[in-house]
Amino acid sequence: MNELHNLLFNVWKLPFIGLENDNLISKTNSILFNYVKDFGALIEKNNNQDHFEISQNSSELELTNFITENSGNWNIAVDKKMDNLYSNEHWLYTESDFSDFKKLNFGIEECLISFSLQELYFEHCENKTKPNSELNLKPLWINKRYSSNEKTHSFYYDLENKALKFSHSENNFDRIAFIR
């Protein structure tokens, strides 16, 4: 997390954006608590991207939602007493209900880094900037998970050109954004 924070805020000079309802995050969820303190919302909330939005889970009172899909179709939540992750994304593809949260079998840090890089990519993907030279993409975050147990997210970067490449293995997605 420290390396990601340094890249985003010290090297790429992104602005810090505060969050509402950060008091709902328990200090026992130390990774999420520190993320909120150090990263804030990362990007402005809009209806085109998943976003960091803290709210009380309405169906599972021991859960706190912290990521909301751009259309509000699913959430990622954390158990208030432990850092166990839950998601209801699967209701879109199965015979389950929106209120059915399924435990994810990976850590909150992996989810937060995948989320951060994905949303940073989408925040800047429409930027029509062209590189000044040939890109020198280096692996940054490879075969990681985000909202399901499938390893779908890979990211590469070029520090000099401020380029971020996002590859999503299930959606046949492989593109580059320039962070400006």
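Q: What span should the 17 residues of α3 have at 1.5 Å a residue, and how far apart are its end C-alpha atoms?
A: The expected span of a helix is 1.5 Å times one less than its number of residues. For the 17 residues of α3 this gives 24 Å, and the end C-alpha atoms are 24 Å apart, which agrees. The model is a predicted one, in which local features need pLDDT of at least 70 and side-chain atom pairs count only at pLDDT 80 or more, while totals for chains, interfaces and linings use all residues. Residues are numbered from 1 along each chain as its sequence is written, and side-chain values use heavy atoms, with hydrogens and water left out. Helices (H or I, at least four residues) and strands (E, at least two) are DSSP runs, numbered from the N terminus.

Q: How many of the 17 residues of α3 are buried?
A: A residue is called buried under 20% relative accessible area, exposed over 50%, and partly exposed in between (1.4 Å probe, protein chains only). In α3, 14 of the 17 residues are buried, and the helix is mostly covered. Glu119 belongs to this helix and is buried, with a relative accessible area of 1%.

Q: Which residues is Glu119 in contact with, leaving aside its neighbours within four places in sequence?
A: Contact means heavy atoms within 4.5 Å. By that criterion, and with neighbours within four places in sequence set aside, Glu119 is in contact with Ile43, Gln49, Asp50 and Tyr146.

Q: Which residues of α2 are buried, and what covers them?
A: Helix α2 (residues 30-39) has Leu32, Tyr35, Val36 and Phe39 as its buried residues. Down the axis of α2 these fall within an arc of 100°, so they line one face of the helix. Their cover includes α1 (2-11), β1 (51-56), β2 (63-68), β3 (75-79) and α3 (108-124).

Q: Where does the backbone take a positive phi just after α1 and just after α2?
A: Just after α2, Gly40 has a positive phi of about 65°. Just after α1, the residue is Lys13, with a positive phi of about 55°, although Lys13 is not a glycine. Lys13 lies in the loop between α1 and α2 and is exposed, with a relative accessible area of 61%. Another residue other than glycine with a positive phi is Lys162, near 50°, in the loop between β7 (153-158) and β8 (163-168).

Q: Which residues touch the most other members of the largest nonpolar core?
A: A nonpolar core is a set of buried Ala, Val, Leu, Ile, Met, Phe, Trp, Tyr and Cys residues joined through side-chain atoms within 4.5 Å. The largest one has 43 residues, of which Leu8, Leu32, Phe52, Phe66 and Leu164 touch the most other members. Its largest share, eight residues, comes from α3. Not counting residues up to four places away in sequence, Leu164 touches residues including Trp12, Leu117, Phe155 and Ile176.

Q: What is the volume of the largest pocket, and which residues are closest to its centre?
A: Rolling a probe the size of a water molecule over the atoms shows where empty space is left. On a 1 Å grid over the protein atoms alone, a pocket is an open set of points where a 1.4 Å probe fits, with protein on both sides within 12 Å along at least five of seven lines; lining residues have an atom within 4 Å of a point. Grid points are joined across faces, edges and corners, and a volume is the space filled by probe spheres set on the points. Here the largest pocket has a volume of about 470 Å³. Of its 23 lining residues, Trp74, Glu89, Gln118, His168 and Asn171 are the closest to its centre. The elements giving two or more residues to the lining are α3 and β8, and the largest share, three residues, comes from α3.

Note on methods:
The arc is that of the directions from the helix axis to the C-beta atoms.
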